[in-house]
Amino acid sequence: MAESICRALRDGALEGEHAPALTIKDSIDAPLGFDVFAHVLAQLSSHILAGKSQSRGLVLVAFTRSPSFYVDLLKERGLEVNSSRKWIQILDCYSDPHGWKDRIMGQGKVDDATKEASGVSRLCKDVKDMDKLCSLAIELGKGLLGEGKGRFSFALDSVNEMLRYASVHSVARVLSDLRSHDLASCVFWLLHSDLLEDKVAAVFDYMSSMVASLESAIRASNGLRISLENLSLTEQNFRRAKFSIRFKRRNGRVRLMSEEVSIERSGITFSSVSTDGGTMGGSLLPKVQFNLQLSEKEQMDRAKVVLPFEHQGNGEPIEIYDGRRSLADKNNEAAGTMQMKDSSKVCLHCWCCYRITDVASNYSNGGIS
Amino acid sequence: MATPKTRASSFSRNVPSTAAPQMPGVKSGPNGTLFLSSGISDLDKILGGGFPLGSLVVVMEDPEAPHHMLLLRNFMSQGLVLNQPLLYASPAKDPRGFLGTLPSPVSSKDDKPLDRDSEQEKGLRIAWQYKKYFGENQPNSNGQRDNKFEFCNEFDLRKPLQRQFLSGQRVECMSTQDSPDLAALHDRCATFLKQFFRTDGNISGAGRIAIQSFCAPQCTYFDKEWHVLSFIRSLRSMIRSSNAVVILSFPPSLLSPSFSKRLQHMADTLLSVRAIPDEDKDLAKLLTGYQDMIGLLSVHKVARINTQVPIILEAATFSIKLQKRKFLVLECLNQAPVDGSSGTSYATSGSCSVSSKGGSLDF
């Protein structure tokens, strides 16, 4: 299912449509957002390097981590940043967002990025001007393409950081401009939902075509008090989370999927979890009080009931139930099963013995429902 | 509904039918109201004739589905086909691009589902005597179909509208992204509506305004909720005195709840669209025709002008289906029977409960 997100980003935009946009949402209960973001980034980068994706380059707008961090991250996954073909550009909004270092240190080195990172990164000194940021990002992307044709992708490190510097509508403008740009293949961004008002979080849901949210896999009984039992639960939240995705499909329907994500030393893994099915559908329609469908067990039990008269139809001689003994008892006597041998000894002398056998045979059959 | 009825009750205005204007695209209805078609014949039937002239139609969007665009597209195409001028405003930088997605009307030679129905009904005419008491199901389908085309067309969503309808004079487009306090949009609407000023004589023409995704987050006026409300209020007053219909769609989840409610109250006709989950086994079991459904349309308020009698709808929620992936139809929801004594389950299901009451338990 995380595969399907990466596939959707890889396939990119159709002609005449906006580029697919992914929001990765997390919260304090499930703080694995950045890991998922890094995973998606790495997957898309490997697709770009292998030439399998629609986009030929990636522009990463980094607010929360330095470009060298990203270069190292990609190197760990075997993705070389400074290869012969330029495929990634990082817009560095982390090192000096307001241009203060530049003013203080004057001519000195502003960004202490490593040599590798400085090759692919471009410093942005005024992040408050969102329009300029947007045009810088698009310029970097066009630079990646060079003279060739093609499209490029955008990744935004953290929308929360952007909202610190600018208003909601300017951030929304940037995202919609990136999405609707002719050369954009896909856009994705990270969001911490509990740091935002509901209305603002709803804005980013509105603007995206896929919403991936991380929720706590374990429901703590009382989230506030940190006691010994809660501590271990909270620790687990740093490693595991429930990952659910809402896809907005082209036909106007919404596809819901759910998985479990866990972070280990080796990396991030996604495993499928049994879905509880159609919770959205349940809220749209009233709950039916009586169930018209039979469950599996009920169907099997129904198949076991021997019909009283003609329509037994299972190849055995027809047995008419005459009300005295259960038919299963008769069948078992005829077939001669082991467990029936002892209890089938009929005491012809007293009616009570006969009855006890009858009851015992019923119990060992499991009864007829 | 095609033939105007004589006085249905003492509360309805007695307007002689000779005063009705014979203008294509405008239909006269009860109580002296004039209707414009929404472009979807099922919706016109549900709303009792169409959108009344001089009313504001508000569509509440669902952030997960683009169904409001279907309603807007049909509305706009209908106006263009009938030569009614159109003003279109959207938050995109280049709104004219949207005009390329407007559907084209089907010609009468195309295979239409209506034909087969009327054929069958002719055979049953002798047995089914009660048809004469229904206003709409008259056996003279040919004449009626011509009349219907002058008012409401069937649109093929896969074919784009021909270029001739999109020529300059009839369509004006405007982007609402950059206007800080909606003054520009207000002025544009005012100049557009001046052409359709309502006088007591015969109407000369009717116009349509379509505003898409009002209060989209990328617009500069997004946070200025009081400005938004005062714009709607003045738009309403302009509309009342002109022969035009405004359809406006907005995403209610992006406004604060009190403002969203205020906006909804300002509407004359209030509709909402909702997305449905894909491949949902529960819904597939509970609803017939789930495979063709793409969404749900709910009618919350219907405009009633010149009368005190409200419209009581049989059902408030309809499913939006695409027949043969071309034609937009609205159908009542057909559900499995619901146990009548379960009062609590209705409360959780919202407006669907109205449809379930009317639907399958009528013996």
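The model is predicted, and over all chains the count comes to 21 salt bridges.

Here are three of these pairs, with the N to O distance for each.

| Chain A residue | Chain B residue | N to O distance |
|---|---|---|
| Arg173(A) | Asp178(B) | 3.2 Å |
| Asp177(A) | Lys93(B) | 2.9 Å |
| Arg253(A) | Asp278(B) | 3.1 Å |

Let's begin with helix H8 of chain A, residues 168-180, which holds Arg173(A). Its partner Asp178(B) sits in the loop between strand S8 (171-175) and helix H6 (183-194) of chain B, so the pair joins two chains. Arg173(A) is buried at 13% relative accessible area, whereas Asp178(B) is exposed at 51%.

Asp177(A) also lies in helix H8 of chain A, and Lys93(B) is found in the loop between strand S5 (86-90) and helix H3 (96-99) of chain B. Asp177(A) counts as buried at 16% relative accessibility, while Lys93(B) counts as exposed at 57%.

Now to Arg253(A), in the loop between strands S8 (240-248) and S9 (254-264) of chain A. Is this residue buried or exposed? Arg253(A) counts as buried, because its relative accessibility is 5% and the cut-off is under 20%. Asp278(B), its salt-bridge partner, is buried as well, at 8%.

The side chain of Arg253(A) also has a polar atom 2.6 Å from the backbone oxygen of Tyr290(B), and one 2.8 Å from that of Met293(B). Among the other residues Arg253(A) touches are Phe247(A), Ile276(B) and Pro277(B). Finally, a network of salt bridges links Arg253(A) with Arg249(A), Arg255(A), Asp278(B) and Glu279(B).

Note on methods. Residues numbered from 1 in each chain as written. Chains lettered and ligands numbered in written order. Predicted model: local features only at pLDDT ≥ 70, side-chain atom pairs only at ≥ 80, totals over all residues. Heavy atoms only, no water. Helix = DSSP H or I, 4+ residues; strand = E, 2+ residues; numbered from the N terminus. Buried < 20%, exposed > 50% of the residue type's maximum accessible area, 1.4 Å probe, protein only. Polar contact = N/O pair within 3.5 Å; in protein donor to acceptor, adjacent residues only side chain to side chain. Contact = heavy atoms within 4.5 Å. Salt bridge = Lys/Arg side-chain N within 4 Å of Asp/Glu carboxyl O. Lists of a residue's contacts leave out its neighbours within four places in sequence.
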